[in-house]
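Take a look at the sequence and the model below.

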Amino acid sequence: MSSVTYPSIDDLRVALSDGVLTVTLNRPDSLNSLTAPMLQTLAEAVELAASDPRVKVIRLTGAGRGFCAGAGISEDDQAARESGGGNALLDGANRSVTAIVNCPKPVVAVVPGAAAGVGVSLALACDVVLASEQAFFLLAFTKIGLMPDGGASALVAAAIGRIRAMRMALLAERISAAEAHQWGLVTGVYPADEFDAAVDKVISTLTNGPAVALRETKQAINAATLGELPDAIKRETEGQVRLLGSNDFREGTQAFQQKRAPKFTDV
């Protein structure tokens, strides 16, 4: 019997039951915006599950009405980022996405509401993405002078192609669950009152499926479609580190906090 003990913190709950490891982003008051400790705990949990025979499926979801609003950019979040060394959140996002993609177990994203910023990266790193009709997807990075990260440049393009990925990333448009499904960004979309039952059905199918065949299938498809992911993460990290020190990022976050339109000046 495995003796693995899974990490869990107030902002990220981890629980194992009946072969399903449920990881819940737990900052509902901010639509589950991410902190570095949340991402580090998420990555550690998925990495442990990879070799835990008790785990058949991993379920990633958010508490409350949202999935994940991405990295927090409130004044408190910015202060925490600066005091924590700046790049810890970016490193945690990259580690989490890599752990999900490389995990030999199926990972299911359960998206009840908003998925924005690196929340989109976390969802698309998963193998099955189930969304409520109330959900939407938004790569909002350019609104604050940043670029998509967490492997989004590869994950989004692999799912929906270059032109649609450019639309999401450059124009920062909100994509409804219905449109996301039409594009192939998500596996399925369900009415809110049917969502939990639909999720349970998919989770049950995977939990009772042939573990070896599921593993080999996941690895083959990811190898065929996400071979560029490590290089994409490297490019994003280098670019994002530069952008995090830019005047446009400072202006973008201040404008967001002050609820006004930003005035970008970098060239």
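## Basis

This is a predicted model.

## Asn-32 in its loop

Asn-32 sits in the loop that joins β2 (20–25) to α1 (36–49). Asn-32 has a relative accessible area of 0%, so it counts as buried. Its side chain reaches the backbone oxygen of Gly-66 at 3.0 Å.

## Cysteines

A disulfide is a covalent bond between the sulfur atoms of two cysteines. The structure holds zero disulfides. For Cys-103, the closest cysteine sulfur is that of Cys-126, at 10.0 Å. That is too far for a bond, because a disulfide needs the two sulfur atoms within 2.5 Å. Cys-126 is likewise in no disulfide, and its nearest cysteine sulfur is that of Cys-103.

Both residues are shielded by protein. Cys-103 is buried, at 3% relative accessibility. Cys-126 is buried too, with a relative accessible area of 7%.

## A nonpolar surface patch

Met-166, Leu-170 and Leu-171 make up a nonpolar patch on the surface. Together they have about 300 Å² of accessible area.

Leu-171 belongs to helix α6, which spans residues 162–171. Leu-171 counts as exposed because its relative accessibility is 54%, and the cut-off for exposed is over 50%.

How values were computed:
Residues numbered from 1 in each chain as written. Predicted model: local features only at pLDDT ≥ 70, side-chain atom pairs only at ≥ 80, totals over all residues. Heavy atoms only, no water. Patch = residues over 30% accessible without salt bridge, like charges linked within 9 Å, V, L, I, M, F, W, Y side chains within 5 Å. Areas by Shrake-Rupley, 256 points an atom, 1.4 Å probe, with all protein chains shown as cover. Salt bridge = Lys/Arg side-chain N within 4 Å of Asp/Glu carboxyl O. Helix = DSSP H or I, 4+ residues; strand = E, 2+ residues; numbered from the N terminus. Buried < 20%, exposed > 50% of the residue type's maximum accessible area, 1.4 Å probe, protein only. Polar contact = N/O pair within 3.5 Å; in protein donor to acceptor, adjacent residues only side chain to side chain.
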